[in-house]
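Biologist: I'd like to learn how to read a structure like this one. Could you walk me through it?

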Amino acid sequence: MVEMVNRPYAKAFEAHALANPEVLCLSADLTSSCEIDGFRDRHPDRFLSMGMAEQNMMSFAGGLGLAGFRPFIHTFGVFMYRRPYDQLMASVAYPRRKVRLMGFLPGITTPGGMTHQAIEDIAVMRAMPNMTILETGDATEVESICAAADSIDGPVWCRILRGSVPRLFDTPIKVGEMRVLSEGHDILIVTAGITTEEALRARSALAGAGVSIRHLHLHTIKPFDAQALLDHIGSVKHGVITLENHVTEGGIGSLVAETMADAGVGKRLMRLGLKDTYAHGGSRAYLARYYGLDALALVRGVERLLGQDFGLSEADLDAARVDAVHSLLKAEAL
């Protein structure tokens, strides 16, 4: 039974901020939705409400960084880079300010539709010089994301999970490393964020079908240890499958493809994720099934890569976790 942790970010951020007086908490009018309302109430002198003015907030955060503070910006991921892109580039990334960009609702983790789903943020941030990219995949990584981000000498983009989050790992994020979750020899599966939980659901069924899976979980997407990935690719016979909560262009599928191409690796690669599309509104489980981001989609991908049909169905996979709505008081779980 997977342990579920309620609102791990709220407690983790408060503990980190209290231990680091240069840390300030900024909110773009989504304070409770980003789980920092308790911090606001208990530490108003460390909290700045910037309102629905993300461009101003980004420039303001750059100024705070110049003054020696380490601002943690909190809002939904889409509002952190689509609206204030120029200010993010000029005031934060270019001068390498120690601004920590805590982006909530990555990909299909919200039913709010395309206006609220950050589906191309990794592609955008990977193209931005000086930007570090971290992604949380479980409660332990959410609990350690503040310390990990705050260890970086420059800006950091973080994909944050909120609400009730499963605990899958027992060690914190170590920036620049990747987690090796299994060491099989047939196929390498590379996942990040919520797709790691889906891959874990599929692994035992695939093992029962005789497929030996090597499974990597990425919490650090930039900088990326290319040689470590190449060593893992060299340890499998048939190829690589990536599964991501993001469009397949520019995300971890592209990251793996670029690494393989640069090194002249000729093994097969299959990239699973959103295929040149926006996602519509719906529950996470529904959207993952509809767009092929869940455990069953991964099983089908393994079958296609190997040219076999294992006859596996949803009933053969480990139990799916059904997410509760973040707040019954907020429309569309916002």
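Biologist: Let's start with threonine 259: does it count as buried or exposed, and why?

Modeller: Keep in mind that this is a predicted model. Buried means under 20% relative accessible area. Threonine 259 has 8% relative accessibility, so it counts as buried. Threonine 259 sits in helix α10, which covers residues 252-263. Beyond its neighbours within four places in sequence, threonine 259 is in contact with Phe224, Ala226, Leu229 and Leu230.

Biologist: How many residues does helix α1 have, and what span is expected for it?

Modeller: The expected span comes from 1.5 Å a residue. Helix α1, residues 8-19, has 12 residues and reaches 17 Å from first C-alpha to last, close to the expected 16 Å. Buried residues in α1 include Tyr9 and Phe13.

Biologist: Which residues have the most contacts inside the largest nonpolar core?

Modeller: A nonpolar core joins buried residues through side-chain atoms within 4.5 Å. Here the largest one has 82 residues, and those with the most contacts inside it are Tyr9, Phe13, Ile73, Leu88, Leu101, Ile145 and Val190. Helix α7, residues 139-150, gives the most to this core, with six residues. Apart from this core lies another, of 22 residues, including Ala199 and Met270.

Biologist: And what lines the second largest pocket?

Modeller: Look at the residues by class: the lining has five nonpolar, no polar and four charged residues. Among them are Val2, Leu168, Glu197 and Arg201. The volume of this second largest pocket is about 150 Å³.

Terms used. Residues numbered from 1 in each chain as written. Predicted model: local features only at pLDDT ≥ 70, side-chain atom pairs only at ≥ 80, totals over all residues. Heavy atoms only, no water. Helix = DSSP H or I, 4+ residues; strand = E, 2+ residues; numbered from the N terminus. Buried < 20%, exposed > 50% of the residue type's maximum accessible area, 1.4 Å probe, protein only. Contact = heavy atoms within 4.5 Å. Expected span 1.5 Å × (residues − 1). 1 Å grid on protein atoms, 1.4 Å probe; cavity = no way out; pocket = protein on both sides within 12 Å on 5 of 7 lines; lining within 4 Å. Points joined across faces, edges and corners; volume = space filled by probe spheres on them. Nonpolar A, V, L, I, M, F, W, Y, C, P; charged D, E, K, R; others polar.
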